[in-house]
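Hi everyone, thanks for coming.

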Amino acid sequence: MLLEWLRGLLRLLGLWKRDATILLLGLDNAGKSTLLHKLCSNELRPFVPTTKAHSKTFSLGNIKFTAWDLGGHEQVRDLWEEYYSGADAIVFMVDSADRARFGEAKREIQQILSVEDIADVPILVLGNKIDLEASVDKDQLAEELGLDDLEKERDVEVFSCSLVSGSGYYDGFKWLSQKF
Ligand SMILES: Nc1nc2c(ncn2[C@@H]2O[C@H](COP(=O)(O)OP(=O)(O)OP(=O)(O)O)[C@@H](O)[C@H]2O)c(=O)[nH]1
Ligand SMILES: [Mg+2]
């Protein structure tokens, strides 16, 4: 309790700094590489599908994030679990306009939620591409992914965002930053 209070005060004064390792997960084409580049350089640029895990570092507020972009193609998803042990948080990205793949995205996030070792790791779910007409809002996305009736203890929050219009993802990271 006292520690929480002290940490809050130090954070307020800008004196509490820390490092956090996060994993960017989600199906291929969700926008993970685009997000990481945007967070590091505030630019939008196209990427070829990620086949090789790579990390980048950026700071938001008082936190220095090291983010692992692992690639979302089915063939490389087996790699994800090798990174779980060092993770402080998971960012799970979903193309919120790609309704045909919600079932596949649900399977993947439910699999992540079933892993005991990361039961305490906060998960930021980003419903990306809300600039597209076909996109669903965060409540519908939560329902589609089976996140609307999670137990209270799970630290999972859904935010809608668009990297193209530049909205929403910062709020998601603000939520995540409070976890450290
Ligand atoms: N309309 C729209 N397109 C986006 C947005 N964010 C990313 N994209 C596009 O989505 C496509 C996939 O983006 P990537 O960042 O390569 O996706 P990824 O999740 O890294 O995919 P993998 O590396 O294959 O796992 C690209 O064509 C991006 O330009 C967005 O907010 N809106
Ligand atoms: Mg990628």
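Strand 1 (residues 18–26) and strand 3 (residues 63–69) run parallel and are joined by seven bridges. Strands here are DSSP runs of E with at least two residues, helices are runs of H or I with at least four, and both are numbered from the N terminus. Two strands pair if DSSP finds at least two bridges between them. In this pair, Arg18 stands opposite Ile63 of strand 3. Strand 1 is also joined to strand 4 (residues 89–95), again parallel, by five bridges, and there Leu25 stands opposite Phe92.

A quick word on the source: this is a predicted model, where local features need pLDDT of at least 70 and side-chain atom pairs count only at pLDDT 80 or more, while totals for chains, interfaces and linings use all residues. Residues are numbered from 1 along each chain as written, chains are lettered from A and ligands numbered from 1 in the order written, and side-chain values use heavy atoms, without hydrogens and water.

Now, which residues come nearest to ligand 1? Of the 21 around it, they are Lys32, Thr34, Thr50, Gly72 and Leu163; "around" asks for a heavy atom within 4 Å. Helix 2 (residues 32–41) gives the most to this shell, three residues.

Let's look at polar contacts, pairs of N or O atoms within 3.5 Å. A backbone N or O atom of Asn29 lies 2.9 Å from a ligand 1 oxygen atom. In the side chain of Asp131, an N or O atom is 2.8 Å from a nitrogen atom of ligand 1.

Definitions and conventions: A polar contact is a pair of N or O atoms within 3.5 Å; within protein, one must be able to donate a hydrogen and the other to accept it, and residues adjacent in sequence count only if both atoms are side-chain atoms.
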